[in-house]
Amino acid sequence: MSSRQARSGLQVDKVLTDFIEDQALPGTGVTADTFWDGLARMVTKLGPRNRALLSKRDRFQGQIDAWHQQRTGQAHDAAAYQAFLQEIGYLVDEGDNFQIDTVNVDPEIALIPGPQLVVPITNARFALNAANARWGSLYDALYGTDAMGDLPAGGDYDTARGARVIAWAKAFLDGAVPLAFGSWADVAGLRVQDGELMPTLANPKQFVGYEGEPGKPDTVLLRNNGLHIQIRIDTHSAIGASDPANIADMRLESALSTIMDCEDSVACVDATDKVVAYSNWLGLMKGDLTEDVNKGNTTFTRKLAKDLSFTTASGVQGSLKGRSLMLIRNVGHLMTNPAVLDGQGNEIGEGLMDALCTTLIAMHDMKREGGNSVQGSVYVVKPKMHGPEEVAFSVQIFDMVEDILGLPRNTVKLGIMDEERRTSANLNECIRAAKSRVAFINTGFLDRTGDEIHTSMEAGPMLPKGDIKTTPWIASYEDRNVDIGLACGLKGKAQIGKGMWAMPDRMGDMLEAKIGHPQSGATCAWVPSPTAATLHATHYHKIDVLARQDELADCGPRGTLDDLLTIPLLGGRNLSDDEITHEIENNAQGILGYVVRWVDQGVGCSKVPDLNDIGLMEDRATCRISSQALANWLHHDIVSEDQVMAAMQKMGAVVDRQNEGDPEYRPMAPGFDGIAFQAACDLVFKGRAQPSGYTEPVLHARRLELKASL
Ligand SMILES: CC(=O)SCCNC(=O)CCNC(=O)[C@H](O)C(C)(C)COP(=O)(O)OP(=O)(O)OC[C@H]1O[C@@H](n2cnc3c(N)ncnc32)[C@H](O)[C@@H]1OP(=O)(O)O
Ligand SMILES: O=CC(=O)O
Ligand SMILES: [Mg+2]
């Protein structure tokens, strides 16, 4: 049972007061009174505005619903629809051209295109792994995954597979750092002579430095498109000994940046959960987070990696960051949390609490050398904002946070998730609203798809979710995001990012497809794991994104607002019974597989097999899509409640079987009366009534119910 303590008129869960006062504040120079007074003022000053913005979302949704309802059975009139969105203020007028003026941005964000990893902050083992994923072994990533087309058989080292890995990696080097003559496959040894690498590179400037003796280096560092490659030479390792150049591994600079996620990949419903998230962030910002990891028969302590030191080509000491640049994703404007109650006993906005707590914690990083941001900046990713007013509200929140904590204005940089329809449609003005803070715009296409379905719920039945990906709005959304970003001057100052690869085990497919992200002019794109980061890094060696951005800027804008506002309706298309069954069962399986772990075990991101047995990354955003898709088909009588319930029960039994090996797991069948199953049903059967189709209200309520029952 939690107990509460009075702080500046707020009632704060003791778990949180203890954490803030004993762990987060000491060393920052901020007093407890300053902190709690500040939070209380934020609640008083910003709370009403927060609620007004949420009411505005509901008002727009009501107006849009009514517009479609009044036109049921009529062909969609795109011009009238756009005029209507303008008239109600959903679409705002665009102002004059402008350029962002964000300053003190770290090079990983401003200058070096590369992979961006996302990790649930509540999992210290994963979070440390993610921070250390700045560097990853290309040999391991190729050997251990299906990146080359097939999976390893398991058991002892397979020499033939190893030879394929080495050939792949050396061919990659031929492309990224070509030799003046011949191929890396033919190199018989590496040495440094008079500041140059032997054998000579086609562009000798790509040689950055080495460790060890120049005549017999242990490592050699190369660079291409701003990204480093470390070649490890080791005659004692089995792989090095059998390699003509004694190359034992190639390590790639991989996750240039990592989003430590307090949002859609975690399940934080109360003060205890929030403190797990904040404690891990504190450990990362102080640099002292550790976690004991058991693997096989061994246990080791995982901690943050050190920087790399080496001798530069010109013979002086150099160093490179050993850790990914860490960003922190706060929650959006919607949710409240019982960790803190206001004077009237109401839960305060969780976004306000995240803003103050995560920025306070990041102050530890500003006070030390060799930490996260060399520029003294804090990078907050703000999700699920609807339109420019909500972005302006985030700016107002961080203005106030900086005033409370005594930080210079614009210390906090904002990552704008372009993942709600009203933001995509008004992106130019959204960026303007944060023009001195914006550090990235990222197309979160998963949430964005969920919002697409929810916003136009009354327009008619939508296409199956896989087909929605090929409709005009999404191409326009992705193109416009890059073009608007470039037009607003993000190049060299901020990231233009692309979304998640949601099939963590399909690395071969990722290698094929995700090169499309740097090709599209994006300076970063999301990956679900460190291994995926290493493989995706190869794409940024193949594509010079900064040059690509210049080409795109010269071509002028692509993707129109008309296309963006096209609704992905089923239209006249007839679906067979099999197609319908497949769609319901696929969605039901994804929802149940995710929700049962969320509600029963507090796991916010899971790998859930789909009907084709492909493990899919499921988080709250993918759950939003699946639940909104089913809610939409129910609403338009494509499927009946009985059909959906039958599918939920059938797939509930399937999910139970998939989790058989987990001793913590509580089966949903045969009773289907547990809290988790009810949560999944609520998401679908009450999906139409959820604000913007979000899953958070149902998941939080049901997880709190489960916790209370323990
Ligand atoms: C729409 C959106 O908002 S997307 C953003 C939210 N999504 C995410 O954050 C995805 C994060 N990824 C994950 O949580 C996981 O990769 C999952 C759930 C998809 C798969 O997890 P698992 O099934 O446990 O992964 P798997 O067994 O293949 O690999 C586990 C190993 O990889 C590591 N790993 C996996 N994902 C990550 C990650 N994101 N960061 C760091 N390490 C990771 C683990 O540390 C572990 O290694 P270890 O044993 O040395 O600690
Ligand atoms: O947050 C990312 C998304 O796709 O949603
Ligand atoms: Mg999202």
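Start with ligand 1 and select what is around it: 25 residues surround ligand 1, and the closest are R125, K295, R302, P528 and D619. A residue is in that set if one of its heavy atoms lies within 4 Å of the molecule. This is a predicted model, where local features need pLDDT of at least 70, side-chain atom pairs count only at pLDDT 80 or more, and totals for chains, interfaces and linings use all residues. Residues are numbered from 1 along each chain as its sequence is written, chains are lettered from A and ligands numbered from 1 in the order in which they are written, and side-chain values use heavy atoms, with hydrogens and water left out.

A nitrogen atom of ligand 1 has a backbone N or O atom of V118 at 2.9 Å. An N or O atom in the side chain of K295 is 2.7 Å from an oxygen atom of ligand 1, and one in the side chain of R329 is 2.9 Å from an oxygen atom of ligand 1. The protein buries 80% of the 960 Å² that ligand 1 exposes when taken alone; accessible areas come from the Shrake-Rupley method with a 1.4 Å probe, and for residues only the protein chains shown count as cover.

Switch to cartoon and colour β3 (116–120), α5 (124–131) and β24 (606–609), the elements that give two or more residues to the shell around ligand 1. Helices (H or I, at least four residues) and strands (E, at least two) are DSSP runs, numbered from the N terminus. By class, this shell has 15 nonpolar, four polar and six charged residues. Domain 1 (1–114 + 262–285 + 326–498 + 543–571) and domain 3 (577–709) each supply at least three residues to the shell around ligand 1; the bounds come from an automatic or database domain assignment.

Next stop, ligand 2. Which residues are around ligand 2? Select R329, M417, E419, G444, F445, L446, D447, W526 and A621. A polar side-chain atom of E419 lies 3.0 Å from an oxygen atom of ligand 2. Backbone N or O atoms come in too: that of L446 is 2.9 Å from an oxygen atom of ligand 2, and that of G444 is 3.5 Å from one. Of the 190 Å² of accessible area that ligand 2 has on its own, the protein covers 98%. Helix α14 (residues 445–455) gives the most to this shell, with three residues.

Stay with R329 and pick E263. Their side chains are joined by a polar contact of 3.3 Å, where a polar contact is a pair of N or O atoms within 3.5 Å; within protein, one must be able to donate a hydrogen and the other to accept it, and residues adjacent in sequence count only if both atoms are side-chain atoms. E263 is in the loop between β11 (257–261) and α9 (271–286). Is E263 buried or exposed? E263 counts as buried because its relative accessible area is 1%, and buried means under 20%, exposed over 50%, partly exposed in between (1.4 Å probe, protein chains only).

- M198 and P199 are joined by a cis peptide bond, with omega about 0°; P199 is in the loop between β6 (196–198) and β7 (207–213).
- A669 and P670 are joined by a cis peptide bond, with omega about 0°.
- K384 is not a glycine, but has a positive phi of about 55°; K384 is buried at 4% relative accessibility.

Key: Ala, Val, Leu, Ile, Met, Phe, Trp, Tyr, Cys and Pro count as nonpolar, Asp, Glu, Lys and Arg as charged, and the others, Gly among them, as polar.
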